[in-house]
Amino acid sequence: MTEQGYVRPDNLAGALDALADAPEGTRVLAGGTDLMVHLRAGKRFPRLVNVARVSELQALRVWGGALEVGAGVTVARLLRDAEVRRHAALLWQAADRFASPLVRSRATVGGNLVNASPAADLTLALLALDARVELVSRAGGVRSLGVDELVLGPGKTALGAGELVRTVRVPLAKPTAFHHFEKSGPRPALEISVAAVAVALRIEDGRVVEPRIACGAVAPVPLRVVPAEQVLAGRELTPALIEEAALAAAKVVRPIDDVRATALYRRRLVAAFVRRSLTAALDSQRVSHATGS
Amino acid sequence: MTLIGARIPKLDGPGKATGETRYLSDLEVPGMLHGVIRRSDRVHARIVSVDVSKALEVSGVHAVLTARDIVNVPFGHGKDNTPLKGDRVRCIRDEIAAVAAETESAAAEACRAIRVEYEDLPPVFTVEDALKPGAPEIHAGRAGNLPFTYDYAHGDVAQGEADSAHVVEGEFVLQFMTHCCMGTSAILAAFDSEGRLTLTSLTQVPFLYRRDMAAIVGMSPEDIRVIQPPIGGAFGSKLDIYPFEPIAVHLARATRRPVRIVFSRHEEFVSSPTRQPMRVRLRSGCDGKGRLTFRDAQLWLDNGGYTSWGATTPFVMMQTFSSLYRVPHARFHTKVAYTNNPYSGSFRGYGNLQATFAVESQLDLLAEKVGVDPLELRLMNSQETGEKTGQGLEFVSCGLRDCLESAAEMSGWRAKRASPALKGNVRRGVGMASMLHVGGGAKIYRSDGCGSVVSIDDFGKVTLVTGSTDIGQGSETVLAQMVAEVLGVAMDRVKVINSDTDVKPWDVGVHASRTSYVAGNSALLAANEAKAKLLTAAADLYELPKGELSLSGGFIMRGAEKVDALDKLVRTLHFTGKGELLVTHSYFEPASVKQDAGFFGNVSPTYAFGTHAVEVEVELDTGQVRVLAVSAAHDVGKVLNAMSLEGQIEGGVVMGLGYSLTEELKIREGKVLNPSFRDYHLLTAPEVPPIHFKAIETEDPSGPFGAKGVGEAPAICVAAAVANAVHHATGVRFTELPLTPERVLNGLIAAGVVRDPLA
Amino acid sequence: MQPEVEIRFTLNGRPVRTHVPPTMAVLEMVRERFALTGSKLACGEGECGACAVLLDGEPVLGCLTPAVDVDGRVLVTVEGLRHKADLAPLQKAFLMEGAVQCGFCTPGMLVAATALLAEHPHPSREQVRRGLEGNLCRCTGYVAIVEAVEDAGKR
Ligand SMILES: Cc1cc2nc3c(=O)[nH]c(=O)nc-3n(C[C@H](O)[C@H](O)[C@H](O)COP(=O)(O)OP(=O)(O)OC[C@H]3O[C@@H](n4cnc5c(N)ncnc54)[C@H](O)[C@@H]3O)c2cc1C
Ligand code: FES
Ligand code: FES
């Protein structure tokens with residue numbers, strides 16, 4: 001534990017200062033649900049910048065046509081927030097399937113992104129929602145990346161030296177939007193995904209518009225399955241089309257065997273989850289037809 | 001009777017609900033050092049050298065021990081284990097060195113600083129490989145890696161085959177499972193100035209432990225005192241001595257300071273005993289109507305690197321093969337072979353989950369062949385009170401038929417069985433299975449007894465000193481209830497002392513579901529004697545006919561009339577001329593016998609029966625099995641404490657569900673792949689289905705108030721019932737546990753029940 | 001050694017202060033600095049909930065929450081749940097329903113349930129089950145625990 005720097009800035013400027021001249025390997029400490037596990041296991045970092053008191057990371061509001069989510073917003077806050085449920089149902093669903101109340105009260109959006117786990121559930125939803133991540137640093141000011149530009153591999157991000165994640169901007173869902181999140185396991189939560197699927201699309205004039213399908217825990221990063229999206233775009237949802245999309249998704253993912261499941265099973269899960277999600281979309285359409293809305 | 005059968009909260013509950021109860025990991029004593037063990041990272045290797053010089057330099061370190069520094073006495077059921085390993089490691093958890101330091105982190109750092117040089121030896125990971133001619137020998141002098149075989153038979157299996165209209169045959173593979181006590185393994189060893197050793201230990205068998213420990217650390221048993229603090233779960237895991245325990249003693253001796261060792265969760269997963277894994281080949285037959293004709297079982301048990309109680313589970317398993325339902329002919333053969341895998345100990349059910357999985361799966365297969373409902377087949381073969389089985393087990397009370405019918409009724413069996421339900425992506429089905437287990441101990445030692453002392457002080461407070469041990473299951477409350485009932489006092493007038501071998505009388509320990517029965521009978525004897533003493537004294541004092549006196553509400557009563565207060569009477573006894581203390585003692589030895597060399601004999605004075613009916617739902621696209629409801633009927637003899645009984649049942653059922661669905665300690669090439677709660681899936685609250693329970697009261701003539709032991713029973717037949725239900729739902733028979741979604745989906749695809757979504 | 005950080009906070013209703021290393025977890029702080037051993041270390045990885053405590057009323061993991069983060073805030077451990085000399089209704093419900101066996105999980109269960117009842121005073125069974133999804137118990141099968149929390153919610 002020697003020579004480990006520790007800073008607890010009171011605001012964003014302080015945090016950026018602490019990061020600006022920081023030694024390599026410096027880490028931001030947010031909720032600690034990832035980092036503290038490493039610290040308890042004996043891992044050490046040259047400097048920790050505890051951002052618990054940085055209020056600029058706590059935004060959660062609808063602003064400029066987007067839902068603005070501060071990096072320090074916890075999963076529990078997402079779940080309690082009516083705007084999140086209305087404008088980004090997919091993010092809310094991912095939050096609902098996330099760990100346990102004890103973890104949700106501390107785990108943050110920024111931590112989920114930067115931890116860059118292939119199984120990160122919020123990151124998966126944000127990818128499907130086409131969210132933009134805003135990074136700031138003292139030297140470089142603000143820059144904005146897509147989730148797939150930020151997350152590069154297991155534990156690897158495009159975060160530059162001195163940078164931190166300030167906010168995530170999620171486009172507001174249109175009235176025609178359909179969101180669906182599927183995650184493996186018998187438990188509602190407390191499960192690291194063996195596979196997860198996040199689907200965001202719109203159905204307009206009976207046709208699928210701008211489908212985005214993201215798959216978790218089946219590639220080094222949360223992965224958009226573009227061929228499956230292409231199958232759907234501009235077409236009418238039918239059981240046959242759903243099968244085609246499910247198979248296309250299962251084909252492009254690149255899962256591995258590990259202690260939790262084999263690659264083959266993960267592929268099968270992807271097919272099942274894409275099918276379930278799209279079938280739910282089809283059902284929701286039927287319901288809205290039936291009720292005439 | 002007033003207290004018997006009531007819902008009485010646990011005596012030790014308040015301290016646990018306020019956080020004030022101190023477990024071993026919460027105890028610190030002055031001068032205490034922390035012990036940490038350096039374990040092997042090889043599964044089979046010669047130890048070339050151990051260099052501890054760097055460890056000794058770590059600040060705060062008081063001792064570093066290796067095999068060279070101690071007298072390494074072999075111990076355990078196979079006398080093949082030693083506290084520290086000197087020349088060779090045989091499995092991943094092997095203890096090579098140990099450090100005592102002022103803080104746990106210093107001890108851990110020192111452990112990491114120890115340099116071990118190994119020379120790998122050829123490993124063996126399966127029983128099949130271990131038994132091959134020319135296989136690497138894991139223990140010198142134990143040729144063929146075969147430490148044990150068990151053979152049992154009654155009747156004539158060939159005759160049984162000849163009598164059969166239907167025969168089914170199959171192989172069942174059972175996994176490593178681990179106890180996951182929420183409190184990890186721990187011990188505190190402290191010597192006093194006279195060289196006496198006090199062990200604050202989580203053991204379930206304090207007296208045997210003291211005797212065995214004495215031999216290992218070179219002391220006389222009478223110089224060892226075992227104190228049993230509140231414990232964070234046991235479930236059988238603390239039935240044996242494991243190396244960390246004598247290691248703590250050696251560290252305490254070397255440092256002349258108290259030394260405590262507490263396992264980390266990772267260490268607990270890697271280094272504590274498991275449920276015995278095995279492969280079971282079973283053939284079962286029945287006649288044209290469905291009456292059982294024979295069972296022929298062959299088992300291969302992976303003993304791991306050393307022998308603990310896991311190797312002795314055949315002793316329990318053969319009872320299920322021979323005596324669960326009427327079986328005229330039965331044969332049982334088991335080989336137990338050394339490998340370089342982790343080794344197994346005892347675990348709630350003691351092999352019976354494994355045996356029952358095979359037996360009850362095949363009962364369903366036979367029912368299918370005969371074309372009868374599985375319930376009918378079971379009823380047809382059910383035993384009754386008064387029967388003696390081929391193995392010599394005597395069922396002085398047997399509620400199996402009631403259990404079968406009650407479980408069926410609670411589950412809505414007949415309607416649900418008629419048609420497995422289909423609904424889109426899910427299929428539903430019901431399945432059932434029964435169990436048989438000892439219900440009053442098992443005479444595996446010369447004695448299976450328990451001593452008790454009851455005393456009543458001059459304020460009328462009753463103290464029961466019992467030899468038995470409470471491992472969280474609530475036995476002390478049940479014992480207090482029995483004593484309170486006999487002496488006619490309120491629960492809060494009874495105190496139970498059960499945690500100090502310097503004080504309490506001999507007992508075998510907690511195992512074989514024996515505590516309620518054996519310790520209960522023992523406490524009753526002493527309490528009844530105390531009662532007789534009181535009544536005699538009152539009769540003499542007040543010149544009343546003894547036969548008309550009774551005890552109730554803290555008074556000596558004659559009908560509805562109070563003769564004297566209990567405390568007053570005791571004071572009179574104490575302080576009169578002849579002065580007499582109100583202390584009685586008893587020793588209860590159950591009427592069971594030690595089995596002969598062929599394993600015949602009535603090993604327990606009574607037996608527990610039960611049936612579970614389970615309803616499941618199987619998702620066809622993911623293979624996920626969800627249990628919707630469990631209906632459990634158990635022959636408990638007599639309900640003593642409805643609340644603690646339900647707690648045992650529910651906990652046992654859920655443990656059984658974990659075994660069925662999610663729990664597996666994954667071992668590959670001798671190494672543990674999932675040593676964390678993240679990857680070892682215990683069930684959580686939202687996964688637990690409704691559990692319907694019915695107690696069948698057969699009032700065993702020899703049980704305390706008619707009760708028998710059921711501590712292990714509820715975990716035993718869950719897996720078979722789940723697998724039978726999955727078969728009912730999908731038509732696919734699974735013979736390997738746990739029923740993970742991946743395994744089930746593979747099975748569904750292989751059987752053509754669902755199409756491979758990728759094809 | 002890294003410099004220790006001074007923190008002041010309210011612990012079970014009392015203002016306290018102490019110095020902690022910046023990476024120390026709340027769990028070790030309450031156990032070692034304040035001798036409150038009710039909160040248990042059963043995994044140290046966030047997976048079991050035996051270490052749960054309330055931070056400004058929210059349930060958090062003692063093992064993964066840095067002690068410095070309680071600075072200026074209100075911390076309640078299982079020892080702070082009782083109402084003066086008497087047990088809290090939830091604690092009584094645990095005893096009356098048989099929700100305590102070995103008791104090792106009990107402190108964390110009580111803390112998680114207290115937080116749940118604060119948010120949903122009359123929770124449904126499903127809400128209770130979800131509220132306890134981060135707490136492992138090996139003894140009870142959860143049935144009695146869920147009943148106890150439901151029961152406390154009915155009072
Ligand atoms: C029991 C348990 C269950 C879990 N279950 C799930 C689950 O179901 N789904 C899931 O997705 N995850 C799960 N996780 C993982 C974890 O909770 C999440 O990844 C969480 O979102 C991390 O957030 P945090 O604030 O706690 O991160 P921290 O541990 O504080 O940080 C994580 C990483 O992000 C960096 N970081 C944090 N904030 C910023 C910032 N603003 N700018 C730059 N870098 C930053 C840190 O430096 C660190 O590298 C689980 C963890 C545990 C312990
Ligand atoms: S000890 Fe904190 S979650 Fe297990
Ligand atoms: S009561 Fe033992 S772990 Fe819950």
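Author: Happy to! In this predicted model, ligand 1 is surrounded by 35 residues, and the closest of them are A:Val28, A:Thr33, A:Asp34, A:Leu35 and A:Thr108. Those five names carry the letter A, but chains B and C also contribute residues around ligand 1, so the site is shared between chains.

Let's look at some individual contacts. Two of them use the protein backbone: a backbone N or O atom of A:Val28 lies 2.6 Å from an oxygen atom of ligand 1, and a backbone N or O atom of A:Leu35 lies 2.7 Å from an oxygen atom of ligand 1. With A:Asp34 it is the side chain that takes part, as one of its polar atoms lies 2.6 Å from an oxygen atom of ligand 1. How much of the ligand does the protein bury? Taken alone, ligand 1 exposes 980 Å², and the protein buries 97% of that.

Next, you can trace where parts of this shell come from along chain A. Three elements of that chain, β2 (27–29), α7 (109–115) and β10 (164–171), each supply at least two residues. Among the contributors, α7(A) gives the most to the shell, with five residues.

Notes: Residues are numbered from 1 along each chain as its sequence is written. Chains are lettered from A and ligands numbered from 1 in the order in which they are written. This is a predicted model: local features need pLDDT of at least 70, side-chain atom pairs count only at pLDDT 80 or more; totals for chains, interfaces and linings use all residues. Side-chain values use heavy atoms; hydrogens and water are left out. A residue is near a molecule or strand if one of its heavy atoms lies within 4 Å of it. A polar contact is a pair of N or O atoms within 3.5 Å; within protein, one must be able to donate a hydrogen and the other to accept it, and residues adjacent in sequence count only if both atoms are side-chain atoms. Accessible areas come from the Shrake-Rupley method with a 1.4 Å probe; for residues, only the protein chains shown count as cover. Helices (H or I, at least four residues) and strands (E, at least two) are DSSP runs, numbered from the N terminus.
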